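Open the model in your viewer and keep the selection panel at hand. The stops below come in walking order.

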There are 2 protein chains.
Amino acid sequence: MPSITRRRSDAADRRGGVETQILDTVARLLAEGAGFTELGVQRIAAESGVARSTFYLYFADKTQLLLRLAASMSQTSFGITAAWRPEAGVEALTATFAEVIATYRANAALLTAVQETSAYDPAVRDFWNGRLEAFRDNTRQVIAAEQQAGRTPADIDPAVATHLMIDGGDRFLLRHVTTDDGSGDAAAARELAATWWYGIFRRPATDERRRR
Amino acid sequence: MPSITRRRSDAADRRGGVETQILDTVARLLAEGAGFTELGVQRIAAESGVARSTFYLYFADKTQLLLRLAASMSQTSFGITAAWRPEAGVEALTATFAEVIATYRANAALLTAVQETSAYDPAVRDFWNGRLEAFRDNTRQVIAAEQQAGRTPADIDPAVATHLMIDGGDRFLLRHVTTDDGSGDAAAARELAATWWYGIFRRPATDERRRR
DNA sequence: ACTTCGTCGGACACTCTGTCCGACAATCAG
DNA sequence: CTGATTGTCGGACAGAGTGTCCGACGAAGT
């Protein structure tokens, strides 16, 4: 890793070295099941092989470390869901959620840490909420468009339905990947897709319901 | 150490005294928007008008205090949802959720504290999970019975659908009552009821879907 | 008057946090 | 080669908070 012909990049190299080292170490500790709250700076520094004071040269505090870790998390989930269009139907939605579950599973430890910390740290809460807001925006627009096209009942409140899907779905998915060994992934994706599809996107219209 | 020849009025004395005083004070502080994690024993004791050392005569730690507070929370939510039967239909389900929202709103501060603490404290997490398990049991049974009767598709996994409804619904409801001023309660109840009803209980059967 | 009880208030040991600073080796400039 | 710069170390430090312990003290009950 150290370069022979060192230029100004020397500082950048080293800086990136220690920082990456710390980030990787924490990611590993979280993956091993450590609770982020119980994980002290002392422990992080020791496991990273640096002095505790050095930790503070790179991160103002543990929260900043978590935010940087979370920011590095692949943002593929959004791309996956944004790619789905109602015209593709419920089978495509199932496939979409199967992919989302895979990314949740890949980042389960980090997601758990974020959820744990966002419960009492406003900075982390705002960060995660902002991340979810991208999903909400997209979902609201899709619902509104379907309502325009007459395929989704007009009496559905897009904002409320969106919160149910995104916030409720986020909780469901996180719980699922932290308690299920993977054998239930397909069922979870199917259930999630079918419930949103028949419960919201293709919910029977009010007049259709009356006829039943 | 515990006293030996103490009268039975001991509990009654405490109930009218220091213990209730502390519990009430913390409930008030939480209602005023204090975060439970940031709430120190020092502050709790001072606001309760007792010495800090006296706090430890009644509670082993802050977690025990929260668990006792949570245990005192009215358990009406379960009674409300358990009373609903599929035969009553989606309108009755909407009314049920409206009542549930009212109880969530009445206990919003405490629920937030529980959720916040359960993120990193296993004892609190287990407590709340156990509380939700009663709802899950009931829901699983209702789904299974509806499947037996042929009114709910047999290919739905009752356990997965239940987790989506209870865990996802819990998150949705808590978020709702902590961000909405109450004007959206009716819409939230309607959306929740309709989505579970048409997305799960009355989801079109597979052969019916094919015909579409 | 004497005991018992609950509470008080403070001391204590401990842990963790974030800051600071002198030491020190590696590296770079002239 | 010399001197300055850089990044890290290791430890000291103040502050906050936790849970334990104990002597003091007033308000009872007998």
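**Before you start**

This is a predicted model: local features need pLDDT of at least 70, side-chain atom pairs count only at pLDDT 80 or more, and totals for chains, interfaces and linings use all residues. Residues are numbered from 1 along each chain as its sequence is written, chains are lettered from A and ligands numbered from 1 in the order in which they are written, and side-chain values use heavy atoms, with hydrogens and water left out.

**Stop 1: chains A and B**

Select chain A and chain B. Their contact (heavy atoms within 4.5 Å) takes 34 residues from chain A and 35 residues from chain B. Together the two chains bury about 3,000 Å², and 64% of that lies on carbon and sulfur atoms. Buried area is the accessible area (1.4 Å probe) that two parts lose on being put together, summed over both.

Now pick A:R171, A:E191 and A:Y198. These three supply 22% of the area that chain A buries against chain B, more than any other three residues.

**Stop 2: charges across the interface**

How many salt bridges cross the interface of chain A and chain B? The rule finds 4. It asks for a side-chain nitrogen of Lys or Arg within 4 Å of a carboxyl oxygen of Asp or Glu. Zoom in on B:R203 and A:E191: their side chains form a salt bridge at 2.2 Å, N to O.

Next, colour by element of secondary structure. Helices (H or I, at least four residues) and strands (E, at least two) are DSSP runs, numbered from the N terminus. On the side of chain A that touches chain B, α7 (108-118), α9 (158-179) and α10 (185-201) of chain A each give two or more residues. α10(A) gives the most, with 11 residues.

Colour that side by class: 15 nonpolar, 6 polar and 13 charged residues. Here Ala, Val, Leu, Ile, Met, Phe, Trp, Tyr, Cys and Pro count as nonpolar, Asp, Glu, Lys and Arg as charged, and the others, Gly among them, as polar.

**Stop 3**

**Stop 4: DNA strand D**

Select the 17 residues around DNA strand D; A:V18, A:A51, A:T54, A:Y58 and B:R52 come nearest. A residue is near the strand if one of its heavy atoms lies within 4 Å of it.

A polar side-chain atom of B:R52 is 2.7 Å from a base oxygen of DNA strand D. For B:Y56, a polar side-chain atom lies 3.0 Å from a phosphate oxygen of DNA strand D.

α3(A) gives the most to the surface near DNA strand D, with 5 residues.

**Stop 5: inside chain A**

Finish at A:R151 and A:E87. They form a salt bridge, with the closest N and O atoms 3.8 Å apart. The pair links distant parts of the chain, 64 residues apart. A:R151 sits in the loop between α8 (122-148) and α9 of chain A, and A:E87 in the loop between α5 (76-83) and α6 (89-106) of chain A.

Conventions. A polar contact is a pair of N or O atoms within 3.5 Å; within protein, one must be able to donate a hydrogen and the other to accept it, and residues adjacent in sequence count only if both atoms are side-chain atoms.
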